[in-house]
Amino acid sequence: MTDATETLLRVEDLRLHYQTRRGVARAVDGVSFDLRRNEALVILGESGCGKSSLAKALMRVLPRNVQHFGGHVMLGETDIMALNDERFRREIQWNRIALVMQAAMNALNPVVRVGEQVAEPLRVHRGWSKERALERVAETFRKVGVSTDFIQRYPFELSGGMRQRVVLAMALVTEPDLVILDEPTSALDVLTQAAIMNVLKRIKRDEGTSFILITHDVATSSELADRVALMYAGQIVEFSDARQFFHDPAHPYSKMLMDSVPRLHQPEAPGHIPGEPPDLINPPAGCRFADRCPSRFERCDRDPDAFSLDERRRVRCWLHEGEDA
Amino acid sequence: MTAGSPLLQASNLHTWFELRQWGFLRVGSVRAVDGVNFALARGESVAFVGESGCGKSSLARTLLGLHRPTRGEVTFDGEELSTLKGKARQRYLARVGYVQQDPFGALPPFMDVRRLLNEPLIIHGVRDPAAREERIRRVLEEVRLTRVDEILSKFPHMLSGGQQQRIVIARALLLEPAMIIADEPVSMLDASVRVEILNLLRNIQRERELTLAFITHDLSTVRHFADRIFVMYAGRIVEQAPVDELLDHPQHPYTQSLLAAIADVDADNALEERDVPGGEPPSLLNPPPGCRFHPRCPKAIAGTCDVREPPRFAPREGHYSDCWLHDERHGS
């Protein structure tokens with residue numbers, strides 16, 4: 001057994017900028033966080049905040065128009081940013097970090113049996129025989145609640161919920177240290193969503209897997225999160241314990257976001273955040289949320305630091321200057 | 001609810017899609033809407049809630065006259081929909097606005113906002129360009145779009161998702177409809193914008209005294225935006241009640257499990273698994289006999305639920321549920 005508080009992943013000042021026709025889009029712009037073993041970290045944010053780019057940066061699946069990609073990422077003792085592409089692909093991708101991309105369940109190869117598709121990382125990255133790989137697939141299918149009869153089926157024969165479990169199995173089959181899930185339930189129905197979240201909870205408990213869950217949905221995030229990193233315009237604006245984040249958020253954006261979450265048993269209507277997030281190509285000079293922020297004051301024209309309120313919480317907002325621990 | 005005759009009434013409505021092999025061999029029918037009855041009053045806001053494949057979008061499209069009902073009928077303001085032809089049908093379409101799920105897909109990409117808002121007015125015979133411009137500016141104000149001049153000359157892709165959806169709503173309002181059908185109007189939008197758009201629709205509905213039919217899968221937002229809820233499962237309405245009554249006292253086991261699957265945000269959610277009924281919604285090609293939820297229902301009564309279709313019971317005042325558990329012979 002590994003120590004529960006051991007740090008698995010340490011990300012420092014990660015940047016991923018894209019070259020576009022209009023200029024450089026700073027999708028991930030100086031992101032730092034750490035992840036402990038067997039922990040679930042939720043990267044929460046609205047569309048265009050850079051959260052999917054963050055996933056791609058960690059897994060190093062980059063589009064061609066990357067203008068700048070840099071920072072430090074330590075996975076255990078390995079400085080994975082220092083590895084060349086070949087070594088990264090061989091040693092890290094799928095072996096130690098697996099990624100379930102958004103809408104991956106619709107990207108399964110329609111003419112290959114699902115069992116073979118799930119076995120592929122083992123066959124390609126580990127060079128296992130087909131029999132040995134399929135045995136592991138069957139074992140993984142049982143963990144995610146897919147009948148082993150489905151190994152022989154084609155994707156179209158499976159419902160959306162089952163296909164999502166299959167791509168989950170594909171990520172888990174190599175028993176990686178870290179599984180990154182990008183919006184794993186956003187295309188699914190309420191009951192199917194709940195069933196998938198149950199599977200993730202079970203895997204986390206029984207297998208000790210570490211997760212980074214990327215989502216825009218606060219309610220979904222609360223189903224797995226130990227800690228929450230809220231992203232806004234390419235930066236993490238609050239990094240907190242789940243309990244603190246959901247019940248006592250610190251950043252003005254976190255507060256407004258939590259207030260906009262509809263609650264079934266709440267008599268008053270949820271609020272909303274006026275305005276739009278800034279352009280990632282020309283983000284405003286100071287705090288990127290300032291234009292929409294009700295607590296804005298003079299200092300906000302300057303870029304705020306990430307202040308640590310206590311050892312479990314970091315907030316990028318001038319209001320918390322001086323509370324710095 | 002307002003008194004008087006209902007604005008829209010669906011009786012024994014069925015919309016089936018024939019499935020053919022090789023283009024001619026009938027192999028069965030997908031029973032997307034399979035015996036639905038309801039009446040919508042003038043000026044009320046209702047939500048049809050259900051999971052994908054429950055028939056809620058097919059129902060919306062049937063009400064819009066885009067699908068012809070296989071059986072049963074829809075009457076709007078006393079007139080039966082399937083009898084409307086030519087001009088009368090065009091008049092109906094002007095009186096029912098449609099707000100689609102995907103605002104970007106709903107707006108023609110090659111038209112600027114001015115042109116795409118002029119289009120429906122031209123089709124419906126508003127000849128004077130100045131009158132059209134005037135009406136367009138009025139609805140854009142109503143959907144709270146500022147900097148109207150700038151917006152009018154933009155193309156859809158230059159607008160944010162929230163702005164696009166406001167244009168779709170503006171377009172639906174242009175012809176002064178009596179009713180708006182909104183099919184998942186916010187599911188493609190960000191959380192912080194969703195509430196804003198829902199509020200907007202609700203306010204417009206109240207100000208204009210419109211009938212608003214929401215199609216949604218999201219039970220957590222309906223309380224503030226609808227007066228009544230219809231819960232759909234496998235082509236049927238299984239439960240209906242005023243919104244607070246339904247959310248606070250759900251009667252049908254399906255509704256109960258839907259509500260149990262969504263919890264209010266809480267850090268403790270991560271600690272326990274949720275009760276989720278096993279299985280998946282049935283195929284609409286071959287729905288199970290008896291109650292369609294019985295194969296997944298934790299409370300199914302063997303010998304009853306799997307054999308006989310449940311009739312509509314009223315376990316509480318104004319609250320209807322199609323479930324054998326409410327039958328007194330079963331002593332619930």
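This is a predicted model: local features need pLDDT of at least 70, side-chain atom pairs count only at pLDDT 80 or more; totals for chains, interfaces and linings use all residues.
Local features need pLDDT of at least 70 and side-chain atom pairs count only at pLDDT 80 or more, while totals for chains, interfaces and linings use all residues. Residues are numbered from 1 along each chain as its sequence is written, with chains lettered from A in the order in which they are written.

Chain B first. Of its residues, 42% count as buried, meaning 20 or more other C-beta atoms within 10 Å of their own, with C-beta atoms placed from the backbone.

Next, chain A. An open, antiparallel sheet of four strands has the order β2-β1-β4-β5. Strands are DSSP runs of E, at least two residues, numbered from the N terminus, and two of them pair if DSSP finds at least two bridges between them. The edges are β2 (23-36) and β5 (78-79). Strand β1 (residues 7-20) of chain A pairs with β2(A) over 11 bridges, and A:Arg15 stands opposite A:Asp29 in β2(A).

Last, the core: buried Ala, Val, Leu, Ile, Met, Phe, Trp, Tyr and Cys residues joined through C-beta atoms within 7 Å. The largest has 185 residues, of which A:Ala169, A:Ile180 and B:Phe214 touch the most other members.

Technical notes:
A residue is buried if 20 or more other C-beta atoms lie within 10 Å of its own, exposed if 12 or fewer, and partly exposed in between; C-beta atoms are placed from the backbone.
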